[in-house]
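Please look over the sequence and the model before reading on.

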Amino acid sequence: MKKIINPWKGMEGYNCFGCAPDNEAGVKMEFYEDGDDVVSVWHPGPAYQGWVHTLHGGIQAVLLDEICSWVIFRKLQTSGVTSRMETRYMKSVRTTDEHVVLRARIRERKRNIILVEAFLYNQQGELCTKAVCTYFTFPPEKAREEMQFIECVLEEEETEGVTIGQS
C-alpha cells in the first residue's frame, strides 16, 4: 500500500473536520491506496464516544463519508459532494480499541453520479458499519476553481505495517 498525499495540506483556510491534519477538533484521517480500495486506519478515543466506551454513530458517519470522498479524489482525480448517504450500523465500535479500519471503493458509476461503498471494521477485523454514498462529481475545471483540487497522488514508497480489513 502507498499513502495518498493530501493535496490541501498547508493550504490557508483548509480546516476539514475529517482530514485536515491541523484541525484540533477534527478526526485527522489519513488515506492509503490498496488496489481498487482506499483505506484508512483511525484511532478512536474517549472524546468521540456516544455511550460509555462506544464510538458515536455520527463520528462513524463522518469517517465513512470522508473516506468515500477520498475515493473520488484518488480514483477519479476530481472532487464533488455527497448527495446521499445510507448507513447501516451492525455492531457497536469501542472507543477503547487501538484502531479501526475503513475501506471504500467505487460500486457504480453513471456519468457524474458515483456510488461509493464504505466499510468500518473494529480492531478484531469484524465489520461494524457500512455505508453507500451517492456522490455528485464535478468536472475537473469546477473542482480546480471551487475546491482548489489539482491532483491526488501517492507517496513513492510502500507503507508497511498497516492493518487492513477486508469486506
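A polar contact is a pair of N or O atoms within 3.5 Å; within protein, one of the two must be able to donate a hydrogen and the other to accept it. The model shown is predicted.

**Asparagine 122**

- Asparagine 122 sits in the loop that runs between strand 6 (113-121) and strand 7 (127-137).
- From there, the side chain of asparagine 122 reaches the backbone nitrogen of glutamine 124 at 3.0 Å.
- Asparagine 122 counts as buried because its relative accessibility is 5%, and buried means under 20%.
- When neighbours within four places in sequence are left aside, asparagine 122 is in contact with Lys91, Asp97, His99, Val100 and Cys128.

**Nonpolar cores**

- In soluble globular proteins, nonpolar side chains tend to be buried together.
- The largest nonpolar core here has 39 residues, of which Trp42, Leu63, Trp70 and Leu102 touch the most other members.
- Two or more residues of this core come from each of strand 3 (37-42), helix 1, strand 5 (100-110), strand 6 and strand 7.
- Helix 1 is the biggest contributor to this core, giving 10 residues.
- A second, separate core has six residues, among them Tyr32, Val39, Phe119 and Tyr121.
- Tryptophan 70 is one of the residues that touch the most other members of the largest core. Apart from neighbours within four places in sequence, tryptophan 70 is in contact with Ile4, Ile5, Asn6, Pro7, Trp8, Cys19, Phe31, Val38 and Cys152.

- The largest pocket has a volume of about 250 Å³.
- This pocket is lined by 17 residues, and those closest to its centre are Ser69, Phe73, Gly80, Tyr135 and Met147.
- At least two lining residues of the largest pocket come from each of helix 1 (57-76), strand 4 (80-89) and helix 2 (140-147). Helix 1 has the largest share of this lining, with four residues.
- Sorted by class, the lining of the largest pocket holds nine nonpolar, five polar and three charged residues.
- The second largest pocket has a volume of about 210 Å³.
- Lining the second largest pocket are 13 residues, with Lys3, Ile4, Asn6, Lys9 and Glu30 closest to its centre.
- The lining of the second largest pocket is made up of seven nonpolar, one polar and five charged residues.

**Methionine 90**

- Methionine 90 belongs to the loop between strand 4 and strand 5.
- With a relative accessibility of 33%, methionine 90 counts as partly exposed.
- Methionine 90 touches Leu127, Cys128, Thr129 and Lys130, when residues up to four places away in sequence are not counted.
- Methionine 90 and valine 27 are 63 residues apart along the chain, and their C-alpha atoms are separated by 22 Å.

- Most residues other than glycine have a negative phi.
- Histidine 53 is not a glycine, yet it has a positive phi of about 60°. Histidine 53 is placed in the loop between strand 3 and helix 1, and its relative accessibility of 36% makes it partly exposed.
- Arginine 111, also a residue other than glycine, has a positive phi near 55°. The loop between strand 5 and strand 6 holds arginine 111.
- Arginine 111 counts as exposed because its relative accessibility is 77%, and exposed means over 50%.

Technical notes
Residues numbered from 1 in each chain as written. Predicted model: local features only at pLDDT ≥ 70, side-chain atom pairs only at ≥ 80, totals over all residues. Heavy atoms only, no water. 1 Å grid on protein atoms, 1.4 Å probe; cavity = no way out; pocket = protein on both sides within 12 Å on 5 of 7 lines; lining within 4 Å. Points joined across faces, edges and corners; volume = space filled by probe spheres on them. Nonpolar A, V, L, I, M, F, W, Y, C, P; charged D, E, K, R; others polar. Buried < 20%, exposed > 50% of the residue type's maximum accessible area, 1.4 Å probe, protein only. Contact = heavy atoms within 4.5 Å. Core = buried A, V, L, I, M, F, W, Y, C linked by side-chain atoms within 4.5 Å.
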